Amino acid sequence: MIELIDVGLQRGSFRLPATSLKIDARQCCVITGAAGTGKTTIAEALCGLQSIDTGTLLLRDQVANNIPVAQRGIGYLPQDVALFPNMSVSANIGFGLSVNRWPKEKKRARISELADQLQLNELLQRVPRQLSGGQQKRVAMARAIAIFPDIICLDEPFVSLDDDSKTLITDLLSDLRSKSAPTILVVTHQPQWITEISDFEYRVQSRSANTA
Amino acid sequence: MNRSNGPSANSDRRFDAVLIVAAVVFSTVLLALIGANVWVAGLDRIGVWETLKQTEIQQALWLSIGTSVYSTVISLWVGTAIAHLISQRQFWGCRFIDLLMDLPVFLPPLVIGISLLILFRQTPLVWFDEWFHIAFAVPAIIVAQTIVGTAFVYRTMKATFDQHAGRIEGIAETLGASRWQVFSRITLPASKQAIVASIAIAWARAFGEFGPVLVFAGSFRGRTEVLPVSIYLELNSGNVAGAAAISLLMILIAAIVLLLVRFTSRDRFTSRAGSPR
């Protein structure tokens, strides 16, 4: 389903050395490693936000090196959440549904379902800057999974969350795995929150990356 | 240690004094400039009234408003498009275009005017002018105003696009949005303040543009006469009170637009209830 074959890239003084990783369909992989080793770079390369210099990226058994970001169909939760500042929480969650032309009623129902699951009901009309860090993270999580992507990539989903919210995210992922069973890649330095539901851990070695 | 009596407090007071003096002096100069027009116009109220009643001045007023609105719309469209292109895409020559876009801001206005005139009248492009009648006509005013306005829009919009748009645009694309959807639904709404600022600065520059307009469009009464040209013509004919009256008219219109811009650019979300928990 996802395969990185000797994928490497260089951005300024940062170099991601040739990295190989294979995640089968419906598996959940946790990527761990020290800060600055390239965990986020791997996630961004997967989503197409970083172009690959060397190696091959396979998505759904197809070479994806040059597939545009919008056509990769990956639900992505970025580390910095990057919510759309001009939109309400509801519009943020529903953005993917809108651009994929979901009917209004279906869209409203999906937003409502996610708001229930991630306890966002009271916040739907707010804008991102009126939310705390944890609330923003939950909104970004809802936005990433709204369109039922078959591949989900989560970059530090547990950062800025209290323990209750972390449990909420873990339960949500567990629920997703039992229902739609997407392929999940989680970049985290808190793997203890996801160990129970993950299939394997890939540790990015600090010696293999060169950061200034 | 009591900070209000220490050496740092004295330094703070001196620093504040420098800032306050600068603000007071410059505000006084600006008010004096407006006051000078009021004073001169007030000395010859009949002359002022006669000037403002002239059909040519009223035509110049509407021509100024009309051409500045046209050129602002064009500047906003072209400047925003180029700013988005240069901000989002890396390609051969993009740095050169970036540098080139600043040129109208740094060039003397007269140079822009004479360059436009030579381009349309002394080069092989003369056929274009013969077909579309640009030089020494109303289109010349719009072209001259647009050249500088576009440069200001470009700089304002590019600073905004560079600052925040790249990241959230990428995230929007991961959700399946096309580039147009990203631009229209994410980039532009997130750049609302910059758009309003761009409109204000492009319009203000267009409304007050004189040098390039005078050279490229001429100063034909009732045909290519915009308000800055009217001031020039009144001064040339020795009617200082009339020139002051037109200046006051321009100040009044600029003040109204400035207030409208300030009112429009207020963020509708700032007064909403709800704070981060």
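## Interfaces in a predicted two-chain model

Between domain 1 of chain B and domain 2 of chain B there are 0 residue pairs in polar contact (both at pLDDT 80 or more); a polar contact is a pair of N or O atoms within 3.5 Å, where within protein one must be able to donate a hydrogen and the other to accept it, and residues adjacent in sequence count only if both atoms are side-chain atoms. This is a predicted model: local features need pLDDT of at least 70, side-chain atom pairs count only at pLDDT 80 or more, and totals for chains, interfaces and linings use all residues. Residues are numbered from 1 along each chain as its sequence is written, and side-chain values use heavy atoms, with hydrogens and water left out.

The domain assignment of chain B, of automatic or database origin, gives domain 1 (1-43) and domain 2 (45-273). Their centres, over C-alpha atoms, lie 32 Å apart. In domain 1 of chain B, B:Asn37, B:Val40 and B:Ala41 lose the most area to domain 2 of chain B, together 66% of what that side buries.

The table lists buried area (accessible area, 1.4 Å probe, that two parts lose on being put together, summed over both).

| Interface | Buried area | Share on carbon and sulfur |
|---|---|---|
| Chain A and chain B | about 2,400 Å² | 57% |
| Domain 1 of chain B and domain 2 of chain B | about 590 Å² | 73% |

Between the chains, 31 residues of chain A are in contact (heavy atoms within 4.5 Å) with 24 residues of chain B. The rule finds 2 salt bridges across this interface; each is a side-chain nitrogen of Lys or Arg within 4 Å of a carboxyl oxygen of Asp or Glu. B:Arg167 forms a salt bridge with A:Asp80, with the closest N and O atoms 3.0 Å apart.

Methods. Chains lettered and ligands numbered in written order.
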